[in-house]
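Keep the viewer open as you read.

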Amino acid sequence: MIYGARVRQARELRGLTQTGTAQGAGLTQGRIAQIELTSSVDIGDDHLERLAQTLKVPAAFLQRPPIEDLAEGSMQFRARKSLPAGVLRRARREAEIAREIARHMLSQLQAPSLRVPDLRGIDDIEEAAQLTRSALGLPPHGPIPRVLHTLERSGVIVIALETWVDGKLDAFSTWDGPELDLPLVSIGEGAPWDRIRFTSSHELGHLVLHRAPGGDLNAMEKEADHFASEFLFPREDAEKEFTKTVTLSRLAPLKLKWGMSIASLIFRAFEVGAIDQKQKTSLQVQLGARGWRKQEPGADAREPERPRALRKMMELLYGDPIDIRQLAEAFPLYTAELNRIVGRYADAPSWQAHKTTPPPAESPSAGVLVQFRARA
Ligand SMILES: [Zn+2]
């Protein structure tokens with residue numbers, strides 16, 4: 001017996017059409033469409049074997065009862081950015097698999113308590129960002145040493161995606177779980193370090209401000225950007241840093257200190273009134289002229305942040321190093337694929353090393369591990 005929802009999930013995860021899947025499995029496209037719409041169905045051992053092979057999953061994956069589809073969440077905000085629908089579906093399915101593994105593990109572990117505030121309906125975006133800093137245990141001022149870590153210790157599950165399209169699909173977020181109380185942020189691996197920090201802060205903004213999307217998507221995107229700016233570089237700090245004339249050479253060291261791209265800093269200077277529209281345009285033109293739009297200086301100044309919590313949970317449940325076979329018994333994927341998934345998360349040594357790499361100011365969150373405990 002296989003589940004239609006699993007067939008569809010695996011097919012979209014692999015970026016296959018129903019026709020392509022049908023050919024591999026020795027079935028017709030119509031039959032695949034029918035299977036996908038059926039709750040569960042028996043297709044016989046021979047077809048099951050061929051179908052599983054085509055979808056590159058163990059047969060047990062197709063026989064596992066499905067859970068509900070992952071909500072689109074903030075993905076729909078970005079949908080208009082001309083991404084092929086297949087790419088969006090693949091990213092969503094990929095996140096869906098990781099979230100199912102995470103939920104399976106969370107049922108056996110005690111996660112950090114959820115600290116992400118619900119600030120729907122708030123008008124002042126900068127106030128929302130400040131309230132969020134406070135709820136997450138961050139001081140009102142100063143750089144945030146590690147954004148992903150801050151999210152993870154506040155109960156957010158951060159998922160590392162293989163699917164990443166430069167500038168078009170960096171990240172998305174959603175509230176998940178039967179009670180919609182599990183915040184997920186999915187981040188494509190491969191983005192530059194400063195972008196990972198900004199887009200994950202942007203997604204945090206969506207989680208805090210836009211729990212139930214609906215309304216003006218462009219306005220929501222701007223709100224999430226504004227939230228990220230204030231979250232990473234609070235207004236009072238920005239006003240102190242931007243007292244002198246803002247030039248590109250003055251922005252370069254600020255990038256390293258605050259962990260924001262020069263392009264974002266120009267925008268922030270404009271937001272806090274340190275430069276006017278004309279100066280902003282002029283700086284943006286200079287940025288382009290120096291070729292910094294393609295690659296800014298300081299691109300290698302820091303290691304890109306990687307999430308840790310999902311792997312940490314695996315280590316607690318399946319040993320360190322992780323016993324991949326045991327993990328595969330809990331979640332039926334081929335071990336090679338599970339190894340690739342695990343490899344996208346920071347292991348303990350790299351996590352420790354990262355902790356000691358560059359600056360910035362001390363923060364109470366700097367040394368705190370993401371804590372999981374076995375359930376009592
Ligand atoms: Zn967004």
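Along the sequence, the residues that donate to the zinc ion follow the spacing H-x3-H-x14-E. The protein donors are His202 (NE2), His206 (NE2) and Glu221 (OE), lying 2.1 Å from the zinc ion. Donors are N, O and S atoms within 2.8 Å of the metal (3.2 Å for Na, K and Ca), and water is not among the atoms, so sites may look incomplete.

Please keep in mind that this is a predicted model, in which local features need pLDDT of at least 70, side-chain atom pairs count only at pLDDT 80 or more, and totals for chains, interfaces and linings use all residues. Numbering runs from 1 along each chain as its sequence is written, and side-chain values use heavy atoms, with hydrogens and water left out.

How confident is the predictor? The average pLDDT (confidence in each residue, from 0 to 100) is 91 for the protein, and 92% of the residues score at least 70. Over residues 356-369, however, pLDDT stays under 50.

| Residue | Relative accessibility | Class |
|---|---|---|
| His206 | 2% | buried |
| Glu221 | 15% | buried |
| Thr54 | 16% | buried |
| Ile157 | 5% | buried |

Thr54 belongs to helix H4 (residues 45-55); helices (H or I, at least four residues) and strands (E, at least two) are DSSP runs, numbered from the N terminus. Beyond its neighbours within four places in sequence, Thr54 is in contact (heavy atoms within 4.5 Å) with Leu16, Gly20, Thr21, Gly24 and Ala25. Ile157 is part of strand S4 (residues 157-161). With neighbours within four places in sequence left aside, the contacts of Ile157 include Ala102, Leu106, Leu182 and Met313. Ile157 and Phe198 are 41 residues apart along the chain, and 17 Å separates their C-alpha atoms.

Technical notes. Buried < 20%, exposed > 50% of the residue type's maximum accessible area, 1.4 Å probe, protein only. pLDDT = per-residue confidence, 0-100.
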